[in-house]
Amino acid sequence: MKKVILAVMVATLPIACATTEAPPPVSASEKKALTIEGKEIIMEFAKTLVGHVKKGMKNGGPVKTIAVCNKVAPSVAADLSEKYGVKLGRTSLKLRNPDNAPDAWEKSVLMKFEKRKAAGENVKKLAYSEVVVEGGKQYFRMMKAIPTAKKPCLMCHGGKVKPGIEAKLGKLYPNDKARGYKAGDIRGAFTLKQEL
Ligand code: HEC
């Protein structure tokens, strides 16, 4: 009899382990706190980038600022990611830098943002967050849309780009898709991923 019980226990052990290892659910208040913190980190990222772009434009003009975007944007993302223990970045459905390509979750959120914009939502306020399980690990994920402003965005992302800028962009980004934007379009989104 004992042997039978033991056999049953051993047989069910992996199932028991699998269920106890499932990530604990995240409460509504925890998610709210994560969302507030995520928004703050994204705001810091946005402000730091704008600061660098403004400084670049003042000191060297748009062509030099392209180099700032090229070098500084990824390093600011890396620094803040380390500071807050998250993964931060920028992504888009029409990319300039292929390193910023969205994963499946990000792509679906970007597509939902386009639908929400078409339904009349304010692009400046478009945001989405969710707790997801990927590869057995639980993550808090969040995205915030980046609106296209007339100035300075269209200078480098608009339909008509000045020859000097064109030449520099062509050199650095031969597959540049981040063109032809109009003021008010969704240029892309900030994206944050945090393991829980
Ligand atoms: C001086 C030129 C310049 C200006 C002005 C500029 N950008 Fe960019 N933008 C770039 C470059 C260069 C990259 C590629 C950066 C990289 O390599 O990661 C880029 C990349 C991006 C990305 C990341 C996704 C992608 O396509 O790779 C977003 C989002 C973005 N820009 C939004 C904006 C917005 C919004 C504005 C206006 C506030 C703006 N940019 C103004 C040059 C510019």
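S2 and S3 are antiparallel partners joined over 8 bridges; two strands count as paired if DSSP finds at least two bridges between them. Strands (E, at least two residues) and helices (H or I, at least four) are DSSP runs, numbered from the N terminus. The model is a predicted one, in which local features need pLDDT of at least 70 and side-chain atom pairs count only at pLDDT 80 or more, while totals for chains, interfaces and linings use all residues. Residues are numbered from 1 along each chain as its sequence is written, and side-chain values use heavy atoms, with hydrogens and water left out.

Within this pairing, valine 133 has glutamine 138 of S3 as its bridge partner, and valine 132 stands opposite tyrosine 139 in S3. The hairpin of S2 and S3 has 2 residues between the strands, and glycine 135 there takes a positive phi near 55 degrees. Most residues other than glycine have a negative phi, and most peptide bonds are trans.

The largest pocket holds about 1,400 Å³ of space. Of its 48 lining residues, Leu49, Val53, Arg90, Ile146 and Cys153 are the closest to its centre. Helix H2 (28-84), strand S1 (87-91), strand S3 (137-147), helix H4 (153-157) and strand S4 (186-195) are the elements that each give two or more residues to this lining, and H2 gives the most, with 20 residues. A pocket is an open set of points on a 1 Å grid over the protein atoms alone, where a 1.4 Å probe fits and protein lies on both sides within 12 Å along at least five of seven lines; lining residues have an atom within 4 Å of a point. Grid points are joined across faces, edges and corners, and the volume is the space filled by probe spheres set on them.

The second largest pocket has a volume of about 200 Å³. Lys87, Leu88, Gly89, Glu106 and Thr191 are the closest to its centre among 13 lining residues. S1 gives the most to this lining, with 5 residues.

A cis peptide bond, with omega about -5 degrees, joins lysine 151 and proline 152. Proline 152 sits in the loop between S3 and H4. Histidine 157 belongs to helix H4, and His157 (NE2) is the only protein donor of the iron atom of the ligand, at 2.1 Å. Donors are N, O and S atoms within 2.8 Å of the metal (3.2 Å for Na, K and Ca); water is not among the atoms, so sites may look incomplete.
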